[in-house]
Number of protein chains: 2
Amino acid sequence: MTDPQRTFRALADPTRRAILNRLTRGPLTIGEVAEGFDMTRPAVKKHLAILAEGALITVEAQGRARINRLRPAGLAPVIDWLATFDAFWDDRLSDLKTAIEKETRNDD
Amino acid sequence: MTDPQRTFRALADPTRRAILNRLTRGPLTIGEVAEGFDMTRPAVKKHLAILAEGALITVEAQGRARINRLRPAGLAPVIDWLATFDAFWDDRLSDLKTAIEKETRNDD
DNA sequence: TATTTATGAAACCTAATAGTTTCATATTGA
DNA sequence: TCAATATGAAACTATTAGGTTTCATAAATA
């Protein structure tokens with residue numbers, strides 16, 4: 001799968017978008033993420049795996065726990081793609097793109 | 001299905017994103033869109049239906065043809081959602097959001 | 001060390017996706 | 001009117017997705 005496809009695919013599911021929003025409040029273990037949803041832990045874990053494939057989160061092993069952290073830079077492909085519609089909105093989108101690129105340059 | 005979900009779902013498929021990009025160059029009939037892809041016309045038509053459900057295109061009947069037009073305002077739910085990550089990027093994203101809202105206010 | 005805890009992973013089920021082929025219908029133009 | 005054209009729509013197929021249950025493993029703790 002191509003890179004932006006992994007990103008868009010990851011964002012296509014409402015549970016995964018909700019997980020990302022939760023992670024804005026801080027990193028969580030798999031179990032902690034799972035507590036917030038009405039589904040089993042393995043199901044949540046699969047969602048986290050897809051988010052990791054899309055580079056939207058990072059996972060760090062810490063003892064027996066796995067710490068899931070938001071990786072906002074992973075949203076860049078979406079911004080990039082939206083930027084192809086610049087002409088329809090003026091150039092604020094490309095300003096945004098530049099800003100994101102600048103701020104995420106040395107983070108992975 | 002909730003509104004933003006229809007949008008994200010529509011954008012999840014690479015063919016549909018490619019269709020949107022093509023439509024930035026001007027409106028096309030279903031047949032014309034289909035010419036650009038290595039799949040049957042009914043398949044393309046299904047993609048167009050999903051894009052229309054996501055309010056990313058408008059379809060206008062013109063005689064026996066259907067004119068498909070890009071509707072950039074349909075991308076607003078994505079911008080809105082991205083804006084919830086403002087804190088990670090400073091407030092350029094919300095500036096963008098405001099700009100989009102202003103420019104698309106009277107277009108649907 | 002024995003037990004609990006946090007996760008990994010496999011096997012399975014169902015529904016939704018993305019395609020196809022086939023046939024029907026509604027305009028357009030000769 | 002008749003044929004060509006542009007699309008609509010149904011029926012079918014294969015794959016992917018999202019979920020489950022069950023069992024294994026590794027780390028922390030009593």
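These questions and answers cover a predicted model, its DNA-facing surface, a helix pair and a sheet. Local features need pLDDT of at least 70, and side-chain atom pairs count only at pLDDT 80 or more, while totals for chains, interfaces and linings use all residues. Residues are numbered from 1 along each chain as its sequence is written, and chains are lettered from A in the order in which they are written.

Visitor: Which element gives the most residues to the surface near DNA strand D?
Guide: Helices (H or I, at least four residues) and strands (E, at least two) are DSSP runs, numbered from the N terminus. Among the elements giving two or more residues are α3 (30-35) and β3 (65-70) of chain B. The most, 5 residues, come from α4(A).

Visitor: How are α1(B) and α5(B) oriented to each other?
Guide: Their axes, lines fitted to C-alpha atoms over the stretch in contact, come within 9 Å and cross at roughly 105°. Angles run from 0 to 180 degrees between N-to-C directions, and 65 to 115 counts as roughly perpendicular. Therefore α1(B) and α5(B) are roughly perpendicular.

Visitor: Which residue stands opposite Leu28(A) in β3(A)?
Guide: β1(A) and β3(A) pair in the antiparallel sense over 2 bridges. Opposite Leu28(A) stands Asn68(A).

Terms used
Angles under 35 degrees count as roughly parallel, over 145 as roughly antiparallel, 65 to 115 as roughly perpendicular and the rest as oblique. Two strands pair if DSSP finds at least two bridges between them.
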